Amino acid sequence: MLIATLATLAISLAQSGDTASMTVGRGDRFELTARSGEITIRTWNRNTVQVRSERSGGAALARRGSTVTIRTSGRYDAEDDFDVTVPAWMDLSLNDQSGDVHVTGSNASIAIQSVDGDIDVRGGNGVITLTSVQGGVSLRDAQGKISLSSVNSDVSGSGLHGDVMAQTINGEITLDRIESDNVDANTVNGDVTFDGPIRSGGRYRFVTHNGDIAVSVQENADATVSVSTFQGEFEAGFPVSISPRLSEHDKKRFTFTLGSGSARIELESFQGTMRLQRPLGQSGQTRSRR
Amino acid sequence: MHDRWTDQMSEYLDGELPPHEHAALEAHVGQCAECARTLAELRSVVARAASLGDRPPARDLWPGIAAMLGSDGAVTPTRRTPPRRFSFSVPQLAAAAAVIVALTGGGVWVLRPSTRQELPVTATAAPAPAPARSATVRNAASRPTANQTYDAAVSDLQDVLAAGRGRLDTATVRIIEKNLMTIDSAVSAARRAVQADPANGFLNEYLAHTMRRKIDLLRQAAALASAQS
């Protein structure tokens, strides 16, 4: 049905060999669903989408409304790799059931889903949602409302600006050079690491079950820190004044304040170590509480 | 979870917060996505509970309740039924919210509408004015616990997944099962911890959070299977 629709609405293409191109305009978006093989998206400053495919007979582009996609004239072969170049402003929606997805240089919203491939994205601006079941998820140098999700691998973000949500089940979460006042990172079986300025009024939540949490806090941070654990421990790489809740039931849950306390940092590890530390280049004493 | 605010949400929903705290909570909720989500979930809990209706019980339960409460008859139940009030502890709210989110947040349920478990309501055999307190106790007794509703949700999602697992490749199924086991292990650990320390707010919230992760994964897996059809 989809194929028939696309074929009907397909707009003529400048096609040569295994390369096809189409002129596009602002508001258009690129969408691709692949069953297997790698998807590689690059960007340029031309208002043209160009696709190269290893498919025998070449590749074709089609338009359905404002959506540009690859026309499928037959079934996908087992290892169809797609190499696509799009304008940097073009929103992307990519779905690869069995293959890695790479995107570089985008300045637009990005939605990627993969079942068993890795997702590696550099760039992005807007709503960015990267989801893989088996593969790892990595995003660098992006801004916007960011959601990074895996089930069975690591999740990493670096150089991100905006709301950041990162989650996995069996994997580590590493967030580095994050400029955000809203961060939520949670895993079940893995460590969580965060490095970035704690902004006044911001909210930062880090959760793991079987893992450690390490969070960098700059010297002038204003934050109320909540620590919750069952069998874990807490350490700070600088002096902190802890005012524990002394009830018998909540000995493993306490809060303390840094500066004015306007930001909120929540650390939860069922049985791991939670550590606050200064960013690289800053240091202090260690005080621990178990 | 923002304890300061969640601790006030029950009173807020009941309209019992002092004006300045009411305004402060609303201001905070306007800026805090998580608290806004929590409040919305709790509002759903209350709305769902309220939708059960105040049907009178089949028989007057008050004498038995009074006996269980140790009443010597000095307590006289009023005939006037006040507005229903649903107060929960934070752990109860957290658990209930997790279940409500699980039951209302995803499209998987629409796949099997016929299997959706309805909250049981005591049938009315003979209309009779009911003491206000008896209605409250009756509803609390007849409503499934959060754990029961969670187990039902998990069971239904697992059925959906089982029906669709043939459409997923074996590696994906293996990965999903492995991760379900990881979460099950975490849920079991949290449950044991809650059993050992039932009043621990963190443990109750943590258990609810972990249960929600399992339902999220089941929902994701079921959606994957559906997408393959």
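Q: What percentage of the 290 residues in chain A do buried residues make up?

A: The structure is a predicted model. A residue counts as buried when its relative accessible area is under 20%. In chain A, 53% of the 290 residues are buried. The chain exposes about 11,900 Å², of which 43% is supplied by carbon and sulfur atoms.

Q: How many helices and strands are there in chain A?

A: Chain A has one helix and 26 strands.

Q: How many aromatic pairs does the structure hold over all chains?

A: Two aromatic rings are read as a pair if their centres lie within 6.5 Å. By this reading, the structure holds seven aromatic pairs over all chains. One of them is formed by F194(A) and F206(A), with 5.2 Å centre to centre and 45 degrees between the planes. That pair is classed as tilted.

Q: Why does the pair of F194(A) and F206(A) tie together parts that are apart in sequence?

A: The general idea is to locate each partner in its element. F194(A) belongs to strand 17 (residues 192–194) of chain A, whereas F206(A) belongs to strand 18 (residues 198–208), so the pair links parts that are 12 residues apart in sequence.

Q: Are F194(A) and F206(A) buried or exposed?

A: F194(A) has 1% relative accessibility and therefore counts as buried. F206(A), at 0% relative accessibility, is likewise buried.

Q: Which kind of aromatic pair do F234(A) and F256(A) form?

A: F234(A) and F256(A) form a tilted pair, 5.6 Å centre to centre, with 55 degrees between the planes. Since F234(A) lies in strand 21 (residues 233–236) of chain A and F256(A) in strand 23 (residues 253–258) of chain A, the pair ties together parts 22 residues apart in sequence. Both partners are buried: F234(A) has a relative accessible area of 1%, and F256(A) has one of 3%.

Q: Where does the charged end of R278(A) sit?

A: For such a feature, one notes the ring and the distance to its centre. The charged end of R278(A) sits over the ring of F238(A), 3.7 Å from the centre. R46(A), in turn, lies over the face of W44(A), at 4.2 Å from the ring centre.

Notes: Residues numbered from 1 in each chain as written. Chains lettered and ligands numbered in written order. Predicted model: local features only at pLDDT ≥ 70, side-chain atom pairs only at ≥ 80, totals over all residues. Heavy atoms only, no water. Phe/Tyr/Trp six-rings, centres within 6.5 Å; stacked < 30°, edge-to-face > 60°. Helix = DSSP H or I, 4+ residues; strand = E, 2+ residues; numbered from the N terminus. Buried < 20%, exposed > 50% of the residue type's maximum accessible area, 1.4 Å probe, protein only. Lys NZ or Arg CZ within 6 Å of the ring centre and 35° of its normal. Areas by Shrake-Rupley, 256 points an atom, 1.4 Å probe, with all protein chains shown as cover.
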